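Welcome! Please take a moment to look over the model shown here, and then we will walk through it together, one part at a time.

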Amino acid sequence: MTMNWNWELLSETGLQFFGEMSASISHELKNVMAIINENAGLLEDLTVMAEKGMPIDPERLKIQASRIMKQIRRGDDIVKGMNRFAHSVDEPLRQAELNDTLGLMCTLSGRFASMRGVTLELEPASAQISIVTNPFFLQNLLWLCLDFAMSVTGAIKKVVLKAEKIETGAKICFSKLQELGRKEPGPGSFPGEREAALLQALKARLEIQKESGELHLLFPAQAER
Amino acid sequence: MKVLLVDDEHELVSTLAERLYLRGIQADWAISGEEALTLAEKNTYDVAVLDVKIPRISGLELKRRLQAGSPATKFIFMTGHGSEDDFKNCAAETGEGCYLVKPVNIEDLIRKMNELMKGSGD
């Protein structure tokens, strides 16, 4: 079973994924620090002005303080996401709640989406949908699908994600992919070797629904060790 | 000196603009390349401070388009990444001295802008 996996490709794509996400997270944290830096700097500027006898509106100080607090909360959320992502390599098989995983992937991919002018929309499922799987491979596969999905949104510029429970396990659907049918096959086409290796490792299946502009990932309720 | 600040983080550019104003520097700000190009159609800027990674139009592409409309404008790049690639690309566009890593010290930024205005930014 696992002996047939393409470990070299899985390692390569996994490291690339880890690197991409880490770089994006560090960029986000740098922005948080840059905003705190400017807001704290402005507070300092106002203090210097007050020392020179210029009155400061207390409301102004409150605004500055609340802006700093907002960025601290943002930074805290980023670090929490980073921590969850980092712990996804702890165990080769674990129960994963798919709404939760999709939420994490939307957060981690937010900057990539924003750079492309694409909105990610997570359609919440009515109930919890859990599968036993390799959490890191799952996130890697979701990222590759999301990266591709963002390139075929057309003018809609939106990807809608939804997890559903099915008889054999669970399904994740990427929809609103207006240009899915128009993507020419060729080098770098989707799905490629990396997606195939991850699908094999997760015992998952990918369906490309060109007419409806949807990608479906189908997972068994329990992947094999 | 008239300055254009471009970064997709609204709070970053608006606050930086206010701090520059308190130091006697007039600064407009934009949170996208498109907004920056619209502002540049109506105003002439001595210096444009651009984030390297902004949505849709990259900082490097924006620099080329702003420069086409205003060849005298000087450019400074800001980045959160500080990656080797960013540094090389920005240095190739503007010279090594015109690349600042966030968070930026405002006095360093003003010093850099003044150097550029005097023609010694590289």
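Predicted model: local features only at pLDDT ≥ 70, side-chain atom pairs only at ≥ 80, totals over all residues.

For the complex, the predictor gives an ipTM of 0.90 and a pTM of 0.87.

Chain B has an average pLDDT of 90, and 93% of its residues score at least 70. Where in chain B is confidence lowest, and where is it highest? The lowest mean, 72, belongs to helix α4 (residues 84-94) of chain B, while strand β2 (residues 26-30) of chain B reaches the highest, at 98.

## Chain A from end to end

Let's begin with chain A, which holds five helices and seven strands. The C-alpha trace of chain A spans about 75 × 40 × 35 Å along its principal axes.

Chain A is split into domain 1 (2-87) and domain 2 (92-220). Taken over C-alpha atoms, the centres of domain 1 and domain 2 of chain A are 27 Å apart. Where these domains touch, domain 1 of chain A provides 14 residues and domain 2 of chain A provides 14 residues. On the domain 1 side, α1 (7-51) and α2 (58-86) of chain A each supply at least two residues. The largest share of that side comes from α1(A), with nine residues. By class, the domain 1 side has six nonpolar, six polar and two charged residues.

The axes of α1(A) and helix α5 (residues 193-202) of chain A come within 9 Å and cross at roughly 110°. Angles of 65 to 115 degrees count as roughly perpendicular, and therefore α1(A) and α5(A) are roughly perpendicular to each other.

Which residues make this contact? From α1(A) come A:Leu9, A:Leu10 and A:Thr13, and from α5(A) come A:Glu193, A:Arg194, A:Ala197, A:Leu198 and A:Ala201. Sorted by class, the contact of α1(A) with α5(A) has five nonpolar, one polar and two charged residues.

## The sheet of chain A

In chain A, five strands form an open sheet in the order β2-β4-β5-β7-β6, with mixed pairing. Why do β2 (119-123) and β6 (205-209) of chain A each have one side without a neighbour in the sheet? These strands stand at the edges with a single partner strand each, so one side of each is left without a neighbour. On average, neighbouring strands of this sheet are turned by 20° against each other, direction ignored.

Now zoom in on one pair: β2(A) and strand β4 (residues 158-166) of chain A run parallel and are joined by five bridges. A:Glu123 stands opposite A:Lys162 in β4(A). Helix α3(A) packs on this sheet and touches β2, β4 and β5 (169-175) of chain A, with a direction at about 170° to that of β2(A). Helix α4 (residues 135-151) of chain A lies across β4, β5 and β7 (214-220) of chain A, and runs at about 170° to β7(A).

## The sheet of chain B

Chain B also has an open sheet of five strands, in the order β2-β1-β3-β4-β5 and with parallel pairing. Its edge strands, β2 and β5 (99-101) of chain B, each pair on one side only. From one strand to the next, the twist averages 20°.

Strand β1 (residues 2-6) of chain B runs parallel to strand β3 (residues 47-51) of chain B, and four bridges join them. B:Val6 stands opposite B:Leu50 in β3(B). Helix α3 (residues 59-69) of chain B packs on the sheet, touching β1, β3 and β4 (74-79) of chain B, and its direction makes about 160° with that of β3(B). Helix α5 (residues 106-118) of chain B lies across β1, β3, β4 and β5 of chain B, running at about 155° to β4(B).

## Where the chains meet

Finally, let's bring the two chains together. Their contact takes 17 residues from chain A and 17 residues from chain B. On the chain A side, α1 and α3 (98-115) of chain A are the elements that give two or more residues. Which element gives the most to this side? The answer is α1(A), with 13 residues. The chain A side divides into six nonpolar, seven polar and four charged residues.

Technical notes: Residues numbered from 1 in each chain as written. Chains lettered and ligands numbered in written order. Domains from an automatic or database assignment. Contact = placed C-beta atoms within 7 Å. Nonpolar A, V, L, I, M, F, W, Y, C, P; charged D, E, K, R; others polar. Axes fitted to C-alpha atoms, helices over the stretch in contact; angles between N-to-C directions. Parallel < 35°, antiparallel > 145°, perpendicular 65-115°, else oblique. pLDDT = per-residue confidence, 0-100. Pairing = 2+ DSSP bridges.
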